[in-house]
Amino acid sequence: MKVEDLIERNNDLRPGLNKENKEFYDDFLVYVRTTSWLKDDIQVEEQLLAILQDILEAQKNGESARDYFGQSPKLVADNLLKKLPNDGVSFAKIILYTFFGYLAITFLPTMTVPGKPIDIGAYVVSAMYMTMAILLIVRTIGTLVYRYKASKLAGWLKNVLGILAGMLLLFPAFAMIYWLKTPVRINLDGTLGIFVIILFLLGLAVYNKTAKQGFLSKPVFFYIIFSAIIGILTRLPILSGMLENKTGQIILAVLILLACFISTGMLMWQAHRDKKDDDQ
Amino acid sequence: MAQTISSQLLKGFLQGILLAILKREPNYGYGIAQEMNRIGLGQVPKGTIYPLLATMEKRGLIQGESRPSEGGPDRKYYLPTADGLDAMNDFFGQWQELEQTMQLMIDGAKHEG
């Protein structure tokens, strides 16, 4: 079975857990997934699925996950991961997906408006920083998942501190795009720009096909595709002149705003649907 | 078992026990757990089974195969390999020797006591 199929089956079965067992298993799942980057991801997901199926069966027989599994799920996870084989390819995939995913989100929208040289170097450095920052955040979340609950700080305070720490860590990545100046600048107007956009779109198509559980949600995908289409249209000779007058600029601004609203709406709808599924 | 067995002691022979359970009938995680409860090892936290099964599979003592379960999705069932059966027989042999030795010690202690 492929990793995506194992994850999908896991997602299908998890709603069958009661509240207490869901909390237990979710912590275990987060911990294992965030601390197993160097492990064979198929074997990791097979183990997670088998354990979930067993906890569900224990639940059917009136046994809680904690009673069945024991009081040291972290220790079990650590021992289990030690026994699984390493696989550097899985880790390399994570890095590449994060790097190119971020680059697609930030780079393609800047291609909507031609006429300015694009600092490719700044984007690449920003993507490298963001990749490391995201990996650090995810790893920290995983490592802290058991300690977080044991902490005596108030729940709201823990959440606020976590969000602040995340924002502080991620902010430099976005700042770099605007303030970092590198000599690697290129004009991506006209045909060259269209070619680069199409190349990016092809890369995204491959990404979408190979990473069903990828980092790009549908709303984000929609915004990226929309930006790419606008970027191509504004570079077509027949339409490139429109940006030279105010009306064309206003139309472009409205279209970009519209895309933002639609993406935000899709994100909120998705969040609402996910919350509804969780509550059920 | 009327008395709880120390976890250190259990660690030593859990592998042999799992092999014996799987020799009787191939089984999956929860099924193995229920068998352990049935033979008096209810105190063992069943989470410990999973790393042990992974170790045993890595060492070639057991092999896993996907089989349909009763009224549910396919499960990974484990069964002992030829190496696993050899390891189980070695374990039983060592246990019998140890049992004789321990019985002598216990009898000796009773006489002294």
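1. Helices (H or I, at least four residues) and strands (E, at least two) are taken as DSSP runs, numbered from the N terminus. This is a predicted model, in which local features need pLDDT of at least 70 and side-chain atom pairs count only at pLDDT 80 or more, while totals for chains, interfaces and linings use all residues. Residues are numbered from 1 along each chain as its sequence is written, chains are lettered from A and ligands numbered from 1 in the order in which they are written, and side-chain values use heavy atoms, with hydrogens and water left out.

2. An unreviewed UniProt entry lists residues 90-108, 120-138, 159-180, 192-208, 220-238 and 250-269 of chain A under "transmembrane region". UniProt positions are given in the numbering used here, feature names are shortened, and annotations may be inferred rather than shown by experiment. In the model, residues 90-108 of chain A are 100% helix and 0% strand, with 26 Å between the end C-alpha atoms. Residues 220-238 of chain A are 84% helix and 0% strand, and their end C-alpha atoms lie 29 Å apart.

3. Chain B. The chain contains four helices and two strands, in the order α-α-α-β-β-α from the N terminus. Of its 113 residues, 40% count as buried (under 20% relative accessible area; exposed is over 50%, partly exposed in between; 1.4 Å probe, protein chains only). Among the contacts in chain B (heavy atoms within 4.5 Å) with a separation of 6 or more, 48% come from residues 24 or more positions apart.

4. Extent of the interface. Chain A contributes 20 residues to the contact and chain B 19 residues. The two chains bury about 1,600 Å² between them, 52% of it on carbon and sulfur atoms; buried area here is the accessible area (1.4 Å probe) that two parts lose on being put together, summed over both. On the side of chain B, the residues that lose the most area to chain A are B:Y30, B:Y50 and B:R75, together 39% of what that side buries.

5. B:R75 forms a salt bridge with A:E57, with the closest N and O atoms 3.1 Å apart. In chain B, α2 (29-38), α3 (49-58) and β2 (72-80) each supply at least two residues of the side that touches chain A.

6. Leaving aside neighbours within four places in sequence, A:D54 is in contact with A:Y68, B:Y28, B:G29, B:Y30, B:Y50 and B:R75. The A:D54 side chain reaches the backbone nitrogen of B:Y30 at 3.2 Å and makes a polar contact with the side chain of B:Y50 at 2.5 Å. A:Q47 also lies in helix α3 (residues 41-60) of chain A and is buried, with a relative accessible area of 8%.

7. Salt bridges within chains. Over all chains the count comes to 11. A:K74 and A:D78 form one at 3.1 Å between the closest N and O atoms; both lie in helix α5 (residues 73-83) of chain A, four residues apart, about one turn of the helix. A:D119 and A:R185 form another, at 3.5 Å, which links distant parts of the chain, strand β1 (residues 118-119) and strand β2 (residues 185-186), 66 residues apart. A:D119 is buried at 8% relative accessibility, whereas A:R185 is partly exposed at 42%. In chain B, the side chains of B:E35 and B:R38 meet in a salt bridge at 3.0 Å, N to O, and B:R38 counts as exposed at 56% relative accessibility.

Definitions and conventions:
Salt bridge = Lys/Arg side-chain N within 4 Å of Asp/Glu carboxyl O. Polar contact = N/O pair within 3.5 Å; in protein donor to acceptor, adjacent residues only side chain to side chain.
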